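Subject: Structure handover

Hello,

Here is the structure I promised to pass on. Please open it next to this email and follow along.

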Amino acid sequence: MGLALRRLSADWQEHWAHPVLVVESFVDESQYRGTCYRACGFEAVGPTEGFGRSSRDFYEAHGRPKQLYLRELRPRACQQLRQARLPAELAVGEAEITGPCPFCGRRRESG
């Protein structure tokens with residue numbers, strides 16, 4: 001797993017023209033302890049809500065929450081991804097790839 005993680009971002013960059021900053025994995029801790037993920041530097045960040053993907057844009061409840069594990073492949077990657085705007089080197093081509101977001105956030109009312 002360590003070798004794959006060391007190569008992942010460069011390989012992805014070569015093929016898709018952008019790096020991978022963070023990888024994720026889900027572990028059913030009622031069956032497994034996540035030891036190999038922790039040994040490779042993953043951090044348990046919290047449980048899921050117990051849903052699974054049943055089609056491209058649809059999820060169904062299955063009642064078996066998983067533990068979400070994350071590993072940054074670049075220092076401070078999670079911090080960069082939380083920003084309102086991506087850093088310039090990561091935002092290249094974002095509008096062309098994703099297009100404008102069709103959803104509007106709720107407006108915050110004063111008072």
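Glu-29 and Arg-38 join their side chains in a salt bridge, at 4.0 Å from N to O. (A salt bridge here is a side-chain nitrogen of Lys or Arg within 4 Å of a carboxyl oxygen of Asp or Glu.) Glu-29 is partly exposed, at 39% relative accessible area. Arg-38 is partly exposed too, at 44%. (Buried means under 20% relative accessible area, exposed means over 50%, and partly exposed lies in between, with a 1.4 Å probe and protein chains only.)

A word on the source. This is a predicted model, where local features need pLDDT of at least 70 and side-chain atom pairs count only at pLDDT 80 or more, while totals for chains, interfaces and linings use all residues. Residues are numbered from 1 along each chain as its sequence is written, and side-chain values use heavy atoms, with hydrogens and water left out.

How many salt bridges does the structure hold? There are three.

Another one pairs Glu-89 with Arg-74, at 3.6 Å from N to O. This pair links distant parts of the chain, 15 residues apart. Glu-89 lies in helix α4 (residues 88-91), and Arg-74 in the loop between β5 and α3 (77-82). Arg-74 is partly exposed, at 26%.

Then there is Asp-11 with Arg-7. Their closest N and O atoms are 3.0 Å apart. Both residues sit in helix α1 (residues 2-16). They are four residues apart, about one turn of the helix. Asp-11 is partly exposed, with 34% relative accessible area. Arg-7 is partly exposed as well, at 48%.

**Now the sheet**

Three strands make an open sheet in the order β1-β5-β2, with antiparallel pairing. (Two strands pair if DSSP finds at least two bridges between them.) β1 (22-27) and β2 (43-47) are at the edges. Each has a single partner strand, so one side of each has no neighbour in the sheet. From one strand to the next, the twist averages 30°. (Axes are lines fitted to C-alpha atoms, and angles run from 0 to 180 degrees between N-to-C directions.)

Look at β1 and β5 (residues 67-72) together. They run antiparallel, joined by six bridges. Which residue of β5 is the bridge partner of Val-23? That is Arg-71.

Best wishes

Methods
Helices (H or I, at least four residues) and strands (E, at least two) are DSSP runs, numbered from the N terminus.
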